[in-house]
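Please look at the sequence and the model shown here. The report below starts with one loop and then moves on to other parts of the chain.

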Amino acid sequence: MQSKGRKRFSLYLLLPAVIMLTAFILVPVGSVAQADQTAVVATAAADYSSGAHSVISVNPVGGPRTASNNLAATISDITVTAYGNFFYRIEKYFADNVTKFSIDAPATPIWQYSTLDAPSDPTSNPQDMVFASGQKAYILRYGSTKAWIVDPSAADEAGFKIGELDLSAYDDGDGCPEMKSAVIVGNKLFIAMQRMTQAAYPDPWLTNTAYVAVFDTDTDTEIDTGRGTGDMKGIPVNIRNLGGIQYLAANGLIYVQGVGRYAAEYTGGIAVINPDTYGTQVILDDGDDTDHPYGNISGMAIVSPTRGYFVGYAGWGDNTLYSFDPSAANPVGTAVTGLENKNIAGMESGVYTDVNGLLWVCNQTDHRVDILNTNTDAVDESIDTALNPIRVVFVGGNAPGGGSGGGGGGGCFIHTMTD
């Protein structure tokens, strides 16, 4: 494999106002009384025969928290997202629907709407739902060239879809650009696309240059960033097979994670994007064929300008959570004690700490969520979820998404395997 040839340069040249961030270095953990907040966890059986969700109290710090498991049983290929006092469970490949729940009745669906253009269509494989408001959200459809604009408050299915975004310019030759995750910053929607060329099993999918498309959420028109080539107006990113994307308000940066190809190709890592200039920089390189100290980078969570986490993938079920300093010139990961060589679900779009500044980590080896103190890397409490945890989102309280323009947030998820 050829060298990735990534040129490093100072964050201070790329990003304004970084020097004003010292107040954000440490995350306060349980220092003051916090608003009520509830975690919702998508879960799946170890043999993928079924799925459900769990509801867990965020407070008190130190526990004991309360949990209700195995709510609203369904298939295993699911994820969750949230906005305000509602959460939304997405059923993905060949299920193609979104179900709305209130946190006040977490086992009772309010509605379930399809993400297919027509019942006879092949799967749209929805991956996430990103909220501009309670009346407007975007559904990322992995198996389509069109993202949907939807009204989550719609009283019936006819009123659910209100528009679409055309991403066909980013098709890599297999019919879709593999849109995976997104985040809203101000009035801009950033959509991360893997652009993997699908091949027939057992041949591996092939990686291509990944892109992040940018849309104006007021007009739903694509913004020409001046960075792309041909008809692609978005931002090319020098890591491949994108998974997570996250905005950190403390320094005004977008972070994006790419996995390359699991245990086969080391073209991933973590990059930053300036949402104003669209400049990019790789801040954590996964290495190359001969030197890849963490394996593939299969997930991330950025807590502050100087505190972040990533998942190193050494093999199926063999993952380690590392802490690192995203602002360092050459960041080095430190394994988090107790979370080495576990089956850790990678951390996806909108990952953030709970209202107490704690990070919820999906530990599938022990079918539990480990709640991490991000100042000490000590586990505050571990909560059994019965089935394996896939992704965590927070509902109520001060959860992002309740007016921040975020993606509904979350802790963790299972990657679509593309090796």
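## Cis prolines in one loop

Proline 60 lies in the loop between β2 (51-57) and β3 (67-74); helices (H or I, at least four residues) and strands (E, at least two) are DSSP runs, numbered from the N terminus. The peptide bond from asparagine 59 to proline 60 is cis, with omega near 5°. Proline 64 is also found in the loop between β2 and β3, and the bond that joins glycine 63 to proline 64 is cis, with omega near 0°.

This is a predicted model, in which local features need pLDDT of at least 70, side-chain atom pairs count only at pLDDT 80 or more, and totals for chains, interfaces and linings use all residues. Residues are numbered from 1 along each chain as its sequence is written, and side-chain values use heavy atoms, with hydrogens and water left out.

The loop between β5 (86-91) and β6 (97-102) holds phenylalanine 94. Phenylalanine 94 is not a glycine, yet its phi is positive, about 60°. Aspartate 96 is in the loop between β5 and β6 and has a positive phi of about 60° although it is not a glycine.

Phenylalanine 94 is exposed, at 56% relative accessible area, whereas aspartate 96 is buried, at 4%. Buried means under 20% relative accessible area, exposed over 50%, and partly exposed in between (1.4 Å probe, protein chains only).

## Strand β25

Six of the six residues of β25 (residues 358-363) are buried. On one side these are Leu358, Trp360 and Cys362, and on the other Leu359, Val361 and Asn363.
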